[in-house]
Amino acid sequence: MTRRPIFAANWKMNLESSDIDKFMEDIVPVANNTSAEVVIFPPSVYLAQVAKAAGSKIRVGSQNHYWEKPGAFTGEISVNMVKDCGATYALAGHSERRHIFNESAEIVTRKAGVAQKEGLLPMICVGETLEEREAGETLDVLRSDIICSLRDVEANADVVIAYEPVWAIGTGLTCPPDKAQEAIGYIRSQLRELWGDVADEIRILYGGSVKPGNIAELMACQDIDGGLIGGASLKADSFAAIIENGTK
Ligand code: PGA
């Protein structure tokens, strides 16, 4: 089974208009030159700007959205607004949403489910905290994350999972490749239990301090199909080096 790799930039609450123009100018040729899929998750106010500059080889996604139809929800954006800006992906369940904004598993699956129903491709993040890893609970946490996050999502190859150990996000501590493979292989086995053979088609990414220097060894692991990249995706040259080193 060959799964097309994905390299996804999660800009979080970073970059502004003028940085974005320059970034896109530099990254479009890289995307045009790779067999991998390149995705950018900008802050939502820049979705349309990024989508306009993206060209046909870069896909764009929202970092967050609300599940309701348009209405009186101050501060929120709907799935249709995300699509209207030219985005095709929707992130759900990032650990910063879960931990800083207290998003429950119920909220995560509602967001992912609505995104899927309305034609966006959900990218769902799961992962254990340091305390959970040290207590030997990693696989239990992943099992429960997968079951809960997919409750409202239909079995489909067009779903992406990102395994992001919370302790590796933004810390410079990358999960050793054998441990990342163990977790991601386990996630695939859980997907198979839930959804059957389509599990072999689902892309599962690793995220957490991915850099140009560690992506190749992560991509060499059997079940790792790409990266979700935060800090190292803020500069076009390091994001480009990740795409290039990850697809060799
Ligand atoms: P990082 O972030 O690459 O800065 O660790 C990854 C993420 O949060 O998606």
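Tutor: One definition is needed at the start: buried means under 20% relative accessible area, exposed means over 50%, and partly exposed is in between, with a 1.4 Å probe and protein chains only. This is a predicted model, in which local features need pLDDT of at least 70 and side-chain atom pairs count only at pLDDT 80 or more, while totals for chains, interfaces and linings use all residues. Residues are numbered from 1 along each chain as its sequence is written, and side-chain values use heavy atoms, with hydrogens and water left out.

Student: Why is Asn-214 called buried?

Tutor: Its relative accessibility is 7%, and the limit for buried is under 20%, so Asn-214 counts as buried.

Student: Where is Asn-214 in the fold?

Tutor: Asn-214 sits in the loop between β7 (203-207) and α9 (215-219). Helices (H or I, at least four residues) and strands (E, at least two) are DSSP runs, numbered from the N terminus.

Student: Why is Thr-174 called partly exposed?

Tutor: Thr-174 has 23% relative accessibility. Thr-174 belongs to the loop between β6 and α8.

Student: What makes the pair Thr-174 and Asn-214 a polar contact?

Tutor: A polar contact is a pair of N or O atoms within 3.5 Å; within protein, one must be able to donate a hydrogen and the other to accept it, and residues adjacent in sequence count only if both atoms are side-chain atoms. The side chains of Thr-174 and Asn-214 are joined at 2.9 Å, so the distance meets the cut-off.

Student: Which backbone oxygen does the side chain of Thr-174 reach?

Tutor: That of Ser-209, at 3.2 Å. A polar side-chain atom of Asn-214 also lies 3.0 Å from the backbone oxygen of Ser-209.

Student: Why is Ser-209 called buried?

Tutor: Ser-209 has a relative accessible area of 14%, and under 20% is buried. Ser-209 is in the loop between β7 and α9.

Student: What is the phi of Ser-209?

Tutor: Phi of Ser-209 is near 55°, a positive value in a residue other than glycine. Most residues other than glycine have a negative phi. Leu-15 has a positive phi as well, near 75°, and is found in the loop between β1 (6-10) and α1 (17-32).

Student: Which residues come nearest to the ligand?

Tutor: Lys-12, His-94, Glu-164, Gly-170 and Ser-209, out of 13 residues around the ligand; near means that a heavy atom of the residue lies within 4 Å.

Student: What makes Gly-172 partly exposed?

Tutor: Gly-172 has 45% relative accessibility, a value in between the two limits. Gly-172 is in the loop between β6 (160-163) and α8 (177-195). Leaving aside neighbours within four places in sequence, Gly-172 is in contact (heavy atoms within 4.5 Å) with Ser-209 and Lys-211.
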